[in-house]
Amino acid sequence: MTHTTLSFLKGHGTENDFVILPDPDNALELPASAVAKLCDRRAGIGADGVLHVVRSAAHPEAAHLAGEAEWFMDYRNSDGSVAEMCGNGVRVFARYLQHAGHVEPGDLAVATRGGVKHVHLDKTGDVTVSMGRAAFPDGEVTVSAGAKTWPALNVDMGNPHAVAFVDSLDDAGNLYTAPAFSPEAAYPAGVNVEFVVDRGPRHVAMRVHERGSGETRSCGTGACAVAVAAIRRDGADPAVTGDPVTYTVDLPGGTLVITEHPDGRIDMTGPAVIVAAGEFDAAWLTETAFA
């Protein structure tokens with residue numbers, strides 16, 4: 001009896017960890033139940049999400065971007081749901097492409113559901129991603145944890161974020177449960193919620209509940225949302241001052257450096273590491289899909 005095996009890798013960016021599935025021709029079927037089982041930390045490989053590595057031309061959602069970016073990051077949250085973007089994921093995705101010999105250190109483009117992201121792979125280990133521009137949807141929102149409620153800034157980084165400044169990160173409570181938000185119409189598909197405290201001049205720390213994953217050790221788009229929220233709170237909007245501004249954002253899993261430019265472009269710099277490679281029985285994945 002023969003068994004077909006599938007290759008995978010594990011990687012992380014500031015301890016936001018991912019199962020990486022190389023699948024250039026988009027031959028794998030990945031129902032939500034299979035993704036959730038892969039990410040299960042007891043019954044599976046364990047991760048905050050899955051980076052499905054596909055050539056853009058081979059994926060129906062990315063074929064129109066193939067002229068701009070050869071590779072598409074088909075990202076899935078740990079519960080199997082599809083996500084528009086993952087900032088830490090893009091850095092690890094790019095590091096995998098280098099690890100696999102598909103690209104050299106330097107500049108490359110990665111297609112995502114949140115658009116094409118431009119990446120610079122530093123030979124020293126850091127990866128910088130041009131994350132696009134933040135949008136600030138109209139309307140006031142609040143978030144709640146336990147009996148406490150805070151005003152939050154509504155930030156769109158290609159995915160939705162609600163950023164609340166608090167006195168202590170302990171105020172966020174157990175972020176494995178999604179914080180409540182209001183009004184419900186603000187985020188019909190759910191939201192990533194960041195709780196933020198100050199650490200010093202242009203230096204903040206955060207915790208995050210990632211939609212579909214619970215509390216994670218790091219969130220790249222969340223760090224960008226936090227930085228632009230802090231920039232506006234502090235009256236340092238580069239579009240007004242004409243000068244780029246950089247904030248350091250501490251997360252439970254490490255530190256990211258976020259720069260916003262006068263034209264609104266946001267750069268995120270941080271580490272990306274491939275930690276392991278292996279194989280699993282393809283039958284297990286098929287059985288998972290119907291478990």
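Contact here means heavy atoms within 4.5 Å, and every view below is taken from a predicted model.

View 1. Leaving aside neighbours within four places in sequence, threonine 221 is in contact with Met85, Cys86, Gly87, Met131, Met157, Asn159 and His161. With His161, the link also involves a polar contact, in which the side chains of threonine 221 and histidine 161 are joined at 3.2 Å. Threonine 221 has a relative accessible area of 2%, and because buried means under 20%, this residue counts as buried.

**View 2. The largest nonpolar core, with Met73 and Ile258.** This core has 54 residues, and Met73 and Ile258 are those with the most contacts inside it. Helix α3, which spans residues 220–233, gives the most to the core, contributing 9 residues. Not counting residues up to four places away in sequence, isoleucine 258 touches Ala223, Cys224, Ala227, Val245, Thr246, Tyr247, Val249, Ile266, Asp267 and Met268.

**View 3. A second, separate core.** This core consists of 17 residues, among them Val143, Leu175, Val197 and Ala205. In soluble globular proteins, nonpolar side chains tend to be buried together.

**View 4. The buried residues of helix α1.** Within helix α1, which covers residues 32–39, the buried residues are Ala34, Val35, Leu38 and Cys39. These residues cover an arc of only 130° around the axis, and therefore lie on the same side of α1. An α-helix has 3.6 residues a turn, so residues three or four places apart point the same way.

Key. Residues are numbered from 1 along each chain as its sequence is written. This is a predicted model: local features need pLDDT of at least 70, side-chain atom pairs count only at pLDDT 80 or more; totals for chains, interfaces and linings use all residues. Side-chain values use heavy atoms; hydrogens and water are left out. Buried means under 20% relative accessible area, exposed over 50%, partly exposed in between (1.4 Å probe, protein chains only). Helices (H or I, at least four residues) and strands (E, at least two) are DSSP runs, numbered from the N terminus. The arc is that of the directions from the helix axis to the C-beta atoms. A nonpolar core is a set of buried Ala, Val, Leu, Ile, Met, Phe, Trp, Tyr and Cys residues joined through side-chain atoms within 4.5 Å. A polar contact is a pair of N or O atoms within 3.5 Å; within protein, one must be able to donate a hydrogen and the other to accept it, and residues adjacent in sequence count only if both atoms are side-chain atoms.
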